[in-house]
Amino acid sequence: MSNNTLQIINQLFEIQHKIKELGQAPGFERNFNRLTSIFEEEGFIIQDPTNEIYQDSRTDCEASIVGNVSSKMKITKTLKPIIYKKADNAVQLIQKAVVLVEKN
Amino acid sequence: MRSVNFGIDLGTTNSLIAKYENSKIHVYKNPIGQKETLASVVAYRPDRILVGDKAREYLAKDAVNVFGGFKRKMGTDEKYYVVNIDDNVTPVDLSALVLKELKKFVPPSEPVEAAVITIPASFDSMQSNATIKAGQEAGFTNVFLLQEPIAACLAFFNEGAAKEKANGNWLVYDLGGGTFDVALIKSNQDELKIVDHEGNNFLGGLNFDSAIIDSIVIPEIIKQTGIENFEEEFRVKYGKYEMLYYQVMYYAEEAKKELSHAAATAIEFSAVLDDKNYDFYIPITREEVDRIFLPLVNETIALLNKVLENNRLTATDVNEIILVGGSTFLPQVRAQLAAQTGIPLNYAVDPTTSVAEGAAFYAANKYYEPAAVQTEPGDKIADDILASVDFNPVDLQIDVNYSRSSRDKEEVLLITSSGEMDNKTYRVTRTDGGFDTGFVTLKSKKTEFLPLIPGMNNLFTLNVYDNGGNEILSLKKEISITQGMYNIDGQPLPHDICIEVDDVENKTTKLEAIFDRNSLLPQKRTLYREISKTIKKGSKDSIIINILEGDKNSRASSNLTIGCIEISGKDLQTDLIKGSDIEIQIHLTDSRVLNTVVYLVMSQQEFKNVFSVSEKQINIARLKEQYVQLESELIDTVRDFQYNQDTIWEIKGTALLDDLQTVKEKLFKLKDKDKSDEKYIIAEKITRISKEYDKLGGNERIAALIEEYFHAKDVVLQAISMADFEKEELKKQFTKIEQSESSFIHSKNVSVVENKLKQLNDLYWKALSNTTSFLITRFIEYKNCSGDEFKDYNAAKSIMKMADAALEKERYPEFRRYVFSISALLRVTRINHNIDFKGTGIG
């Protein structure tokens with residue numbers, strides 16, 4: 001698996017979010033689904049953990065904590081997605097997400 | 001006596017462990033996250049201890065429970081009060097936890113009893129002894145110390161990367177994530193000695209990121225927003241710009257990395273500042289960061305010069321500067337060091353791992369007496385008996401309860417313990433690296449919520465550790481939870497659900513699985529395919545989306561059609577060009593209702609259909625083609641039986657053929673929009689005969705096909721070994737066929753085995769067409785063909801001339817391209833019963 005593939009997935013993720021912020025996501029949804037499907041066929045599993053609960057046992061994320069630490073925390077922004085790669089019926093984490101977390 | 005072999009770089013910011021084995025150094029990776037470095041940070045969370053990157057996340061926010069940089073306090077009487085455990089911990093305790101975590105990088109099959117641990121050149125006796133104590137607390141029976149600059153030199157010398165192993169002076173320049181050290185080393189043939197050193201405990205990679213933010217990002221934000229006190233507010237802990245601060249820190253680090261190999265980059269982000277939305281685009285050039293980083297690099301060079309001056313040395317007295325630490329990757333650091341000192345730089349060994357590597361080299365020549373008494377050869381039998389018994393020296397039992405399948409995103413794990421639990425810990429990790437509980441104190445009952453990756457079998461491991469951090473192997477548990485499958489809540493599919501797509505080359509169709517047998521309902525998937533023929537707007541041509549239930553390896557006619565959509569030229573708003581995209585979304589509900597959404601990208605049209613699986617779906621045009629295919633296969637098979645004098649099977653085959661042909665006339669008279677039941681009767685008959693055809697010839701036919709398959713495999717393998725082009729790709733395709741071997745052989749389905757044989761045959765021709773000697777033979781044959789055999793003889797002749805020239809000059813890749821082009825110009829003479837093949841229109 002080349003590092004370039006990860007770079008492309010990260011760029012895709014970033015573009016997707018920018019378009020969403022601009023309010024133009026529906027027009028591009030089909031294209032993004034298509035691109036995601038291509039990567040999935042290559043064995044990549046891409047996950048956006050935004051809005052998921054954050055716990056210190058989540059080693060699939062590198063988190064920066066905004067505000068106070070709490071027992072109930074939530075991922076509020078994702079700068080890089082989680083990427084797994086499937087190989088021989090097993091999965092391996094190949095990129096941790098870079099996220100910001102806040103008190104839920 | 002045993003060689004120590006393990007070397008540990010116990011760093012202020014990051015730590016590593018390496019081993020010397022078979023004349024090579026192996027730097028271990030963290031099984032969680034696969035990184036070689038471990039952040040030297042410990043976090044005491046309410047019910048567990050975290051060590052490493054996870055702990056570092058809490059460093060800035062939970063200072064009363066999270067500790068980093070404690071290496072600087074080694075050998076002092078400093079104690080840290082930990083609120084979460086209501087107790088004090090010392091720098092030795094914290095270092096021991098880092099060392100214990102590093103031991104976990106090494107597989108249990110390689111026990112780590114002794115190690116060489118590196119220490120800074122500045123460490124005095126108290127600090128050195130504190131490091132030994134930390135090693136002992138971590139469970140090492142023997143600890144040896146080595147100074148970090150010496151370790152770095154050893155790595156360079158032993159890897160053969162240093163200029164010469166001659167007498168002389170060397171400078172070790174160590175710029176890490178948060179600290180800087182420079183040491184002067186004197187060497188002779190046998191000895192390395194630290195003569196002098198200087199350092200700054202608060203200068204490292206983070207300062208470079210901050211410099212980008214201070215000098216470029218903050219001024220730009222102020223310029224665009226006009227917020228007066230932004231700079232002061234920006235870095236305030238828990239302040240209103242805190243979220244932006246972490247975002248910008250990440251982008252600054254990314255920009256720094258990008259500028260290590262690019263002349264320019266940009267930081268881009270959106271932010272809401274004081275209730276107003278801003279989009280920032282901040283271009284940054286290499287020249288700018290060179291200027292910004294200069295004061296920081298100058299600070300390190302000033303310390304380096306101080307070492308030289310103190311020892312009355314000039315640049316010419318130093319052989320090389322050895323670069324250590326991740327921040328020495330920065331081009332600005334290397335350029336300024338080389339320009340300002342004039343001393344040659346050496347960065348041949350990875351600067352992030354060189355200290356650990358050097359420690360491992362040193363460890364290879366250090367010996368210790370193992371704690372366990374070595375057994376005599378005569379005791380081997382007794383050892384074998386003991387090894388075969390589940391011997392648990394600990395009076396402790398662990399039970400785990402969990403659901404082996406789940407449709408939820410997480411699953412509860414209940415850990416029940418009984419017996420001697422004092423000071424023992426457990427840890428649950430997911431094998432892909434995405435989950436780690438850290439060390440949790442063992443209690444009679446504990447629960448953990450295990451996050452699951454959707455649609456996968458998630459494997460977890462539970463390990464139990466004693467007081468010394470040593471794993472109690474007999475208590476290890478493997479936990480396997482399958483997400484989204486085989487759950488009693490959902491109905492499993494009894495057969496594969498497939499789509500019929502064109503095999504244009506062979507003028508037939510094939511099945512492609514959408515959902516595999518035993519997948520749990522509901523299921524949803526989008527297929528992306530291309531249109532395999534041009535369909536004019538308003539024409540009678542059509543695309544047929546035929547969804548079937550049955551065996552994905554058999555032919556379409558043996559399966560039951562559960563949904564069929566025909567989109568004809570009359571439905572189109574524009575022409576559909578061959579190769580344009582089609583998206584087919586298929587959703588099979590819990591109650592087996594099939595919903596399809598077909599989207600034609602070129603005409604931007606969407607077609608939605610809902611099928612109840614209780615209604616049969618028949619497309620007459622497709623049925624006619626299926627008939628033709630089945631009839632031709634039956635004719636060929638009956639001929640084979642005749643040839644092999646299999647009289648019984650010949651009679652049965654002929655009977656099937658006759659039976660099939662009874663519907664021929666009726667079928668070909670049916671109009672496409674026939675509303676009668678006739679099409680259902682014919683379709684059922686074709687399906688029945690197709691299934692019977694699969695059994696024709698009995699086990700002997702299957703056995704013969706399997707034998708043929710294995711023979712073909714040998715031939716294909718031989719052909720691949722002789723291929724001159726695309727060998728790796730061919731091998732990959734071969735392995736793919738081979739991997740499914742056991743399943744299709746056990747299927748005992750003739751179509752399935754025939755299909756695999758066909759794939760092997762295709763691969764054989766592909767291998768030949770990538771073999772120069774075969775291409776030459778083919779080329780000679782083409783040259784001997786008459787003009788009538790080509791679609792455009794003049795074009796073929798001119799390509800033949802170019803091919804001749806390429807062959808003469810031994811330009812084989814070029815020659816291969818020409819042979820392919822000539823072959824494309826040949827008139828196709830393939831015999832196929834399905835001459836008017838229209839197919840589904842989906843490629």
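## Chatting through a two-chain model

User: Where do we start? How many residues does each chain put into the contact between A and B?
Analyst: Chain A puts in 26 residues and chain B puts in 27 residues. Keep in mind that this is a predicted model.

User: Which elements of chain A give two or more residues to that side?
Analyst: Those are helix H2 (25-41), strand E3 (61-65), strand E6 (90-95) and strand E7 (97-103) of chain A. The largest share comes from E3(A), with four residues.

User: And what classes of residue are on chain A's side?
Analyst: Eleven are nonpolar, eight are polar and seven are charged.

User: Okay, what's chain A built from overall?
Analyst: Chain A has two helices and seven strands. Going along the sequence, the pattern reads α-α-β-β-β-β-β-β-β. Of its 104 residues, 32% count as buried.

User: Switching to the largest nonpolar core. Which residues touch the most other members?
Analyst: That core holds 146 residues, and the ones touching the most other members are B:Ile8, B:Ala115, B:Leu171, B:Val172, B:Tyr173, B:Ile322 and B:Ala359. Helix H4 (residues 148-158) of chain B gives the largest share of this core, eight residues.

User: What does B:Leu171 touch?
Analyst: Leaving out residues up to four places away in sequence, B:Leu171 touches B:Val182, B:Leu184, B:Leu304, B:Val318, B:Ile321, B:Ile322 and B:Ile343. There's also a second, separate core of 28 residues, including B:Leu511 and B:Ile543.

User: New topic: in what order do the strands of the E21, E23 and E26 sheet in chain B come?
Analyst: The order is E21-E23-E26, and these three strands form an open sheet with antiparallel pairing.

User: Why is one side of E21 and of E26 left without a neighbour?
Analyst: Strand E21 (396-401) and strand E26 (445-451) of chain B stand at the edges and each has a single partner strand, so one side of each has no neighbour in the sheet. Neighbouring strands here are turned by 25° against each other on average, ignoring direction.

User: How many bridges do E21 and E23 pair over?
Analyst: E21(B) pairs with strand E23 (residues 410-419) of chain B over six bridges, in the antiparallel sense. If you want a spot to look at, B:Gln397 stands opposite B:Ser418 in E23(B).

Note on methods
Residues numbered from 1 in each chain as written. Chains lettered and ligands numbered in written order. Predicted model: local features only at pLDDT ≥ 70, side-chain atom pairs only at ≥ 80, totals over all residues. Core = buried A, V, L, I, M, F, W, Y, C linked by C-beta atoms within 7 Å. Buried ≥ 20, exposed ≤ 12 C-beta atoms within 10 Å, placed from the backbone. Contact = placed C-beta atoms within 7 Å. Nonpolar A, V, L, I, M, F, W, Y, C, P; charged D, E, K, R; others polar. Pairing = 2+ DSSP bridges. Axes fitted to C-alpha atoms, helices over the stretch in contact; angles between N-to-C directions.
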